[in-house]
Amino acid sequence: MKAFKSQSDKLFEEILEKKIVPMLLEYKPFNDMIKYVRTPQMESTIKSLRDVMTIEKTQVLEANNIHKEKSRLVSNVLYLSNQLNNGNAKVEKELEETRNKILEFNDEIEKRENSIKELLVLKEEHNLQLLRETLSCCYSTIKTDEKELDSILKNIEQLRKELENKRIKRDELQNRIDSTYGFIHGFMGAKETQKIDEHLL
């Protein structure tokens with residue numbers, strides 16, 4: 001079984017080298033398919049992936065907000081520097097504080113960007129894990145469904161033959177009834193046949 005798994009892993013890696021794997025939770029064919037094919041393991045990986053994506057989205061949003069605030073401070077530094085160069089010594093302390101704040105923002109931005117990079121790696125890992133689980137589940141489902149479908153098709157074929165035999169029998173019986181009744185009707189006449197019908201049929 002281990003040999004099969006390693007062969008399966010090797011095939012999986014070869015396929016990944018040639019394919020761009022979409023983010024499965026944002027991929028319509030995947031979302032259409034999981035209405036029918038789903039396991040508890042897949043559910044767990046989907047939850048982990050969603051959690052990572054939510055954290056990533058929050059981190060990106062916060063990093064963007066820090067960038068905006070930093071841009072505002074940079075503009076202020078330019079203004080304060082201009083004031084200082086024009087002899088306004090009162091702005092020196094504010095300029096220093098603003099520069100320090102920009103350095104703090106730089107550190108915070110770096111932390112966020114590193115965190116986002118780690119989340120991207122984690123997201124990719126979860127996505128590939130989900131792909132593995134999904135492919136495994138898909139093939140397992142296909143094998144099970146094909147067996148059931150084969151049984152159903154055999155049953156349908158058997159019912160079709162039975163139905164065809166019943167149709168043949170129906171036609172035979174109808175022809176015999178028509179032929180027999182035709183003989184009686186022809187021999188006895190309509191009036192006499194009606195009288196006998198009332199007593200014998």
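Let's start with the lining of the largest pocket: by class, 18 residues are nonpolar, eight are polar and six are charged. Keep in mind that this is a predicted model. The pocket holds about 990 Å³ of space. In total, 32 residues line it. Nearest its centre you find Phe 12, Leu 131, Arg 132, Leu 135 and Ser 136.

Which helices supply the lining? Four of them give at least two residues each: H1 (2-18), H2 (28-33), H3 (40-85) and H4 (92-188). H4 gives the largest share, with eleven residues.

Now the packing of H3 and H4. Two packed helices are described by the angle between their axes and the distance between the axes. Here, the axes of H3 and H4 come within 7 Å. They cross at roughly 160°. Angles over 145 degrees count as roughly antiparallel, so H3 is roughly antiparallel to H4. The crossing of H3 past H4 is left-handed. What is in that contact? By class, the residues where H3 meets H4 divide into 24 nonpolar, 14 polar and 13 charged.

Last, the annotation. An unreviewed UniProt entry lists two stretches under "coiled-coil region": residues 81-115 and residues 142-176. How do they look in the model? Take 81-115. That span is 83% helix and 0% strand. Its end C-alpha atoms are 33 Å apart. Now take 142-176. Here the chain is 100% helix, again with 0% strand. The end C-alpha atoms of 142-176 lie 50 Å apart.

Conventions: Residues are numbered from 1 along each chain as its sequence is written. This is a predicted model: local features need pLDDT of at least 70, side-chain atom pairs count only at pLDDT 80 or more; totals for chains, interfaces and linings use all residues. Side-chain values use heavy atoms; hydrogens and water are left out. On a 1 Å grid over the protein atoms alone, a cavity is a set of points where a 1.4 Å probe fits but cannot get out, and a pocket is an open set with protein on both sides within 12 Å along at least five of seven lines; lining residues have an atom within 4 Å of a point. Grid points are joined across faces, edges and corners, and a volume is the space filled by probe spheres set on the points. Helices (H or I, at least four residues) and strands (E, at least two) are DSSP runs, numbered from the N terminus. Ala, Val, Leu, Ile, Met, Phe, Trp, Tyr, Cys and Pro count as nonpolar, Asp, Glu, Lys and Arg as charged, and the others, Gly among them, as polar. Axes are lines fitted to C-alpha atoms, for helices over the stretch in contact, and angles run from 0 to 180 degrees between N-to-C directions. Angles under 35 degrees count as roughly parallel, over 145 as roughly antiparallel, 65 to 115 as roughly perpendicular and the rest as oblique. A crossing is left-handed if the near helix is turned anticlockwise from the far one by less than a right angle, and right-handed if clockwise. UniProt positions are given in the numbering used here, feature names are shortened, and annotations may be inferred rather than shown by experiment.
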